[in-house]
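Modeller: The model is displayed below, and your questions about it are welcome.

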Amino acid sequence: MNGTFGSRLGPLRGNRIVLIWVVLGVVGALTATGLLMTGHSAGAGETHTARSVSDNSMTPGFTGALPEAADPIGDGAPPVAFAPLAGLSQAGMPAASSRPVQALADHPLFAQHVGLGRVDCKMPAWRDDPEAARAFYRAAIACLDASWEPTLRGAGLPFHPPRLLAPTESREVASQCVQRLRNGPTTFYCALEETLVLPYDAMRPLSSGSRRGAQLAVLSTEYGHHVQNLIGVMQAYNEKRSTVGRDTTAGREQSRRMELQARCFSGMFIGTNFGRADIDEQTWTEASHAVQRGHATRDPRMQGTEENVWGWWKWGSDKGDTWECNTWYSSPAHVE
């Protein structure tokens, strides 16, 4: 009986196999047609695709040349993620208080697409006067605070504003990090004192032809180092660089990753808030020109080439996404 039943099903099985192959062939043809159509229509959506922050790409960060044209993300940036990534929450237990996480590539702030708070930033115009400059710094720092605080607190990370030290001349700097001025006037972040050090004689050369953008680009980069310090990245960086040797080739690469991430954070802030209040197109353009001119890249071995400095800043502006600012994940070629 089983033999008879099997012999009757034999032709049916053969027909079914043929039918299955026909169906698969049709599906394959339709899929190929769809891919071709997608390829032909990519031009119309190219800008949108390049700016997308919701794809499933597994390679975050800047990976090549970028156009110079303004394309800041604005309201297209990902939202602030209110999820205690760095906190600990167990059943019946309250979430842990905000705490830094000493990590680099696998830091929780870079584990998902996280944006910055949108702020209507009001800043005075830059004027050739030390006291006016200090007023500008204070207003800009307040904007940066308002933008970064919800992001860090939402991720279960600590937040508090940086201090400001803005003497008229660099020789007046009284700081534990004063050795940073050994090669002349410059701006820097002193992690030991959680202070943005912005001497007027270092910032003034940037004021030519700029209302506020060039100064904002520099200040927001130093603020990016404050963020790294708050969340634990700077501590992890110092430990790793000491392990590989601070002045070795590997140690200098770690320095560039640190500096380029601060550039990306600067671009994030200006790009996300593009079009709001005083961060208008002229401000963005002035900021981008300052970055492209290579300010604060006097030593590319430690801070990155002008091409990569611009690339990471522009990438942050175009993406507005902490996941995309993960320089620690990037290949060495993109942190040269």
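Modeller: Let me begin with a definition: on a 1 Å grid over the protein atoms alone, a cavity is a set of points where a 1.4 Å probe fits but cannot get out, whereas a pocket is an open set with protein on both sides within 12 Å along at least five of seven lines, and lining residues have an atom within 4 Å of a point. Grid points are joined across faces, edges and corners, and a volume is the space filled by probe spheres set on the points. This is a predicted model, in which local features need pLDDT of at least 70, side-chain atom pairs count only at pLDDT 80 or more, and totals for chains, interfaces and linings use all residues. Residues are numbered from 1 along each chain as its sequence is written, and side-chain values use heavy atoms, with hydrogens and water left out.

Biologist: How much space lies in the largest pocket?

Modeller: The lining of the largest pocket comprises 33 residues. The space in this pocket is about 1,100 Å³.

Biologist: Which helices and strands each supply at least two residues of the lining of the largest pocket?

Modeller: Nearest the centre of the largest pocket lie R180, F188, S255, E259 and Q303. By residue class (Ala, Val, Leu, Ile, Met, Phe, Trp, Tyr, Cys and Pro nonpolar; Asp, Glu, Lys and Arg charged; the others, Gly among them, polar), the lining divides into 13 nonpolar, eleven polar and nine charged residues. With helices (H or I, at least four residues) and strands (E, at least two) taken as DSSP runs numbered from the N terminus, the elements that each supply at least two lining residues are β2 (188–190), α5, α6 (233–244), α7 and α9 (300–303).

Biologist: What pattern does the protein chain follow along the sequence?

Modeller: The protein chain has ten helices and three strands. Read in sequence order, they give α-α-α-β-β-β-α-α-α-α-α-α-α.

Biologist: How many residues of α5 are buried?

Modeller: Buried means under 20% relative accessible area, exposed over 50% and partly exposed in between, with a 1.4 Å probe and protein chains only. By this criterion, 48% of the 336 residues of the protein chain are buried. Helix α5 (residues 213–231) is mostly covered, the buried count being 19 of its 19 residues.

Biologist: Which residue's backbone oxygen does the side chain of Q228 reach?

Modeller: Q228 lies in α5 and is buried, since its relative accessible area is 0%. Leaving aside neighbours within four places in sequence, its contacts (heavy atoms within 4.5 Å) are V233, M234, Q235, M258, Q261, A262 and F265. At 3.1 Å, the side chain of Q228 reaches the backbone oxygen of M258.

Biologist: Which residues does H225 touch, apart from those up to four places away in sequence?

Modeller: H225 is also a residue of α5, and it counts as buried because its relative accessibility is 6%. With residues up to four places away excluded, it touches Y189, M234, M258, E259 and A262.

Biologist: How far apart are the end C-alpha atoms of helix α7?

Modeller: Helix α7 covers residues 249–272, and 20 of its 24 residues are buried, so it is largely enclosed by the rest of the structure. The expected span of a helix is 1.5 Å times one less than its number of residues. For the 24 residues of α7 this gives 34 Å, in agreement with the distance between its end C-alpha atoms, 34 Å.

Biologist: With the side chain of which residue does R257 make a polar contact?

Modeller: R257 belongs to α7 and is buried, at a relative accessible area of 5%. One polar atom of its side chain lies 2.8 Å from the backbone oxygen of S330. A polar contact is a pair of N or O atoms within 3.5 Å; within protein, one must be able to donate a hydrogen and the other to accept it, and residues adjacent in sequence count only if both atoms are side-chain atoms. At 2.9 Å, the side-chain partner of R257 is E253.

Biologist: Is C121 buried or exposed?

Modeller: C121 occupies the loop between α2 (46–51) and α3 (130–154). Its contacts beyond four places in sequence are C143, R276, A277, D278 and I279. Since its relative accessibility is 0%, C121 counts as buried.

Biologist: What is the phi of A277?

Modeller: A277 is in the loop between α7 and α8 (281–292) and is partly exposed, with a relative accessible area of 33%. Most residues other than glycine have a negative phi. Although A277 is not a glycine, its phi is positive, at about 50 degrees.
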